[in-house]
Structures are given as structure tokens and as C-alpha cells.
Amino acid sequence: MIKLLKAEFTRCFTGKVFWLIALFTLVTASSFNFIKYITVKREHQTEVFNDSMLYIGLISIGMIAAIFVAFHAGGEFDEGTVRNKLIAGNTKTGIYLCHLAVSSVAMVIIQYLFFFAFYAFSYLFFGAFHHSFSVMMQLQLMGVLGTVAVTAFMLMITMIVRSRTIAVTVCMTAAVIMFIIGVALINELEEHSMELMAMEDIISPEKYAILNKYSYVYGVDSESLSGTKLAVKEVLYDGLFICQAFRFSSERELPYHWEFMAVYNIAITLVTTLIGSVTFRRLDLK
């Protein structure tokens with residue numbers, strides 16, 4: 001398995017897909033800053049709050065992972081490489097875990113590449129950030145767990161459908177759906193939170209203090225959202241990485257319920273890896 005892992009890392013970093021994505025990441029990071037710089041100069045803005053844009057890389061990691069995993073892992077089925085690996089004595093579980101390791105490392109590199117590239121360009125154009133660098137690094141570290149979880153989910157899909165073309169389509173569709181659900185969920189819970197802000201006489205002082213500090217408090221019903229429906233949405237609010245990434249962009253410290261986010265990301269990685277590897281082992285590749 002060590003030889004297979006080395007071969008996969010070599011194929012990843014000598015192939016075109018990873019470097020094209022890396023180039024796209026650098027261009028995107030610089031472009032956002034150039035556009036922001038032009039806007040600031042044109043409108044004569046004196047204060048520039050650019051911190052939230054540092055997390056665009058995390059917000060878009062689902063779509064990036066969909067493309068990379070589908071081309072890197074899915075391409076092996078179209079080219080017949082998987083059969084050759086099995087003939088060489090590698091197990092299906094070993095092949096699956098190698099793809100997970102390589103894809104996860106590649107996506108984490110892309111995540112940090114965007115962060116540091118954006119940070120460098122933004123610091124050059126606009127100066128110091130409002131958030132401390134230590135908090136940024138803590139949020140990026142939290143983002144690593146989410147990036148691995150998203151990558152594991154995309155790999156599960158790819159290894160089951162066994163086709164680069166189908167995998168790209170299905171994975172991109174899944175990424176777009178998760179993005180739409182995440183945005184809709186955040187908007188709905190923000191409205192729910194605003195309703196709670198007007199209920200100071202009803203909410204306990206402890207819960208209202210949490211609401212004031214974090215702009216959200218869990219497990220408190222409003223007129224529009226309550227009971228099981230609220231509980232499910234709050235689980236998704238913590239569990240969906242797209243929601244986590246949007247929340248990172250507005251925080252000056254680790255977000256409320258960050259421990260739950262970490263647990264959900266680890267759980268998603270383990271569950272999708274288990275489902276994907278077991279399903280892949282049962283597939284007939286002849």
C-alpha cells in the first residue's frame with residue numbers, strides 16, 4: 001500500500017488537473033483583490049473590510065473537490081487503471097484509502113494556497129486585517145476537517161459511479177445543491193435569530209446573553225421556526241460545511257458550537273468512507 005500511495009501522490013502532483021486547479025486558485029485570489037482595489041479607489045473608500053473574503057476558498061471547496069476527485073479518481077475507471085492495480089495485488093480497500101489520502105491532501109493544499117495568496121495580495125493592497133492571524137489560522141484548521149469531509153463525500157460518489165463524466169456531473173450537482181441549501185438555511189436561521197432578538201422578555205437572560213454575543217442561540221423556538229423542524233435545521237447549520245464556511249467569514253473568534261462542527265465533519269468523513277469503501281469492494285470491475 002505504501003508503494004501505491006507514493007505512486008498516487010506522484011500521479012497527482014505530476015498531472016495537469018492539480019496544477020490547473022492551483023493556477024485557477026491563484027488567479028481567483030489575486031482577481032478578487034484587484035477588483036476590490038479598483039472599487040475602493042473609484043469610490044474613495046477609507047475603510048476596507050476584506051477579512052470575510054479570506055474564506056471564499058473554503059466556501060468554494062465543494063465545487064473544486066468535485067472537479068478534482070472526479071478527474072483524478074474517476075479517470076482511472078475510464079482508463080482501466082483500477083483493474084491493473086488489482087492485478088498487481090492491491091486491494092480495493094487500499095485503492096480507496098489511497099485515493100482518499102491523496103485527494104484530501106491535494107484539497108487541503110488548495111485551501112491553504114487560496115488563503116495565503118489572498119492574504120498576501122490583500123495585505124499588499126489594503127494593509128493589516130481586522131481579525132487576528134491566530135484566529136484566522138484556527139478557522140483554517142477547522143476548515144481542514146470540513147475540506148476532508150467534503151472530499152470524502154465526493155470520493156464516495158466517484159468510486160460508486162465509476163465514470164469520470166458521470167462523476168463530474170453528479171458531484172457538481174451535489175456541490176451546487178449543498179450550496180443552495182446552505183445559503184437558504186443561513187438566511188432562514190438569520191430571520192429566526194432576528195425574531196428571537198425581539199423576544200427579550202420571553203427568553204431567559206442566559207440564552208439572551210448568548211444570542212447577543214454570537215447572534216444566535218440554539219434550541220429556542222420562534223413563531224416561524226420551532227420543534228423538530230428547528231432541531232433538524234440547526235443540525236444542518238452545524239453539519240453542512242458550506243454553512244460552516246459562511247460562518248467563518250463573519251467571525252473574529254472560533255464560532256459558537258465549533259466543537260459540534262468538528263464532530264460532524266469527522267463523522268461525515270468516517271461514514272462516507274465506510275459506505276464508499278464497502279460499496280466499492282462489492283462492485284464487479286471485470
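Trainee: What pattern does the protein chain follow, read along the sequence?

Mentor: In this predicted model, the pattern is α-α-α-α-α-α-α-α-α-α-α-α-α. The protein chain has 13 helices and zero strands.

Trainee: What are the dimensions of the box that the C-alpha atoms fill?

Mentor: Taken along the principal axes, the box is roughly 70 × 50 × 30 Å. Of the 286 residues in the protein chain, 46% are buried.

Trainee: Why does Cys98 count as buried?

Mentor: Its relative accessibility is 1%, and buried means under 20%. Therefore Cys98 is buried. Cys98 lies in helix H7. Leaving aside neighbours within four places in sequence, Cys98 is in contact with Met1, Leu4, Leu5 and Glu8.

Trainee: What makes the span of helix H1 close to the expected one?

Mentor: H1, residues 2-14, has 13 residues and reaches 18 Å from its first C-alpha to its last. The expected span is 1.5 Å times one less than the number of residues, and for H1 that is 18 Å.

Trainee: Which residues of H1 are buried?

Mentor: They are Leu4, Glu8 and Cys12. These residues cover an arc of only 70° around the axis, so they are on the same side of H1. On the other side of H1, the exposed residues are Ile2, Lys3, Lys6 and Thr14.

Trainee: What covers the buried residues of H1?

Mentor: The cover includes helices H2 (16-43), H4 (61-72), H5 (75-79), H6 (81-87) and H7.

Trainee: How many residues are in the largest nonpolar core?

Mentor: There are 67. Phe68, Met107, Met154, Met159, Tyr237, Phe248 and Phe280 have the most contacts inside this core. Helix H7 (residues 92-126) gives the largest share, twelve residues. Another core, of seven residues, lies apart from it and includes Leu196, Met199, Leu211 and Val220.

Trainee: What is Met159 in contact with, leaving aside its neighbours within four places in sequence?

Mentor: Met159 is in contact with Ala73, Phe77, Ile95, Tyr96, His99, Phe280 and Leu283.

Trainee: How many aromatic pairs does a search of the whole structure find?

Mentor: The search finds 16. In one of them, Phe179 and Phe246 have ring centres 5.9 Å apart and planes at 55°.

Trainee: Why is the pair of Phe179 and Phe246 called tilted?

Mentor: The centres, 5.9 Å apart, lie within the 6.5 Å required of a pair. Planes under 30 degrees apart would be stacked and those over 60 edge-to-face; the angle here is 55°, so the pair is tilted. Phe179 belongs to helix H9 (residues 164-197) and Phe246 to helix H12 (residues 241-248), so the pair ties together parts 67 residues apart in sequence.

Trainee: Why is the pair of Tyr218 and Tyr256 called edge-to-face?

Mentor: The planes of the two rings are at 65°, and the cut-off for edge-to-face is over 60. The centres are 5.2 Å apart. Tyr218 is in the loop between helices H10 (205-214) and H11 (227-239), while Tyr256 is in the loop between H12 and helix H13 (258-282). Both Tyr218 and Tyr256 are buried.

Trainee: How do you know that Arg247 lies over the face of Tyr237?

Mentor: Arg247 is at 3.9 Å from the ring centre, and the limit is 6 Å.

Terms used
Residues numbered from 1 in each chain as written. Predicted model: local features only at pLDDT ≥ 70, side-chain atom pairs only at ≥ 80, totals over all residues. Heavy atoms only, no water. Core = buried A, V, L, I, M, F, W, Y, C linked by side-chain atoms within 4.5 Å. Buried < 20%, exposed > 50% of the residue type's maximum accessible area, 1.4 Å probe, protein only. Helix = DSSP H or I, 4+ residues; strand = E, 2+ residues; numbered from the N terminus. Contact = heavy atoms within 4.5 Å. Arc of directions from axis to C-beta. Phe/Tyr/Trp six-rings, centres within 6.5 Å; stacked < 30°, edge-to-face > 60°. Lys NZ or Arg CZ within 6 Å of the ring centre and 35° of its normal.
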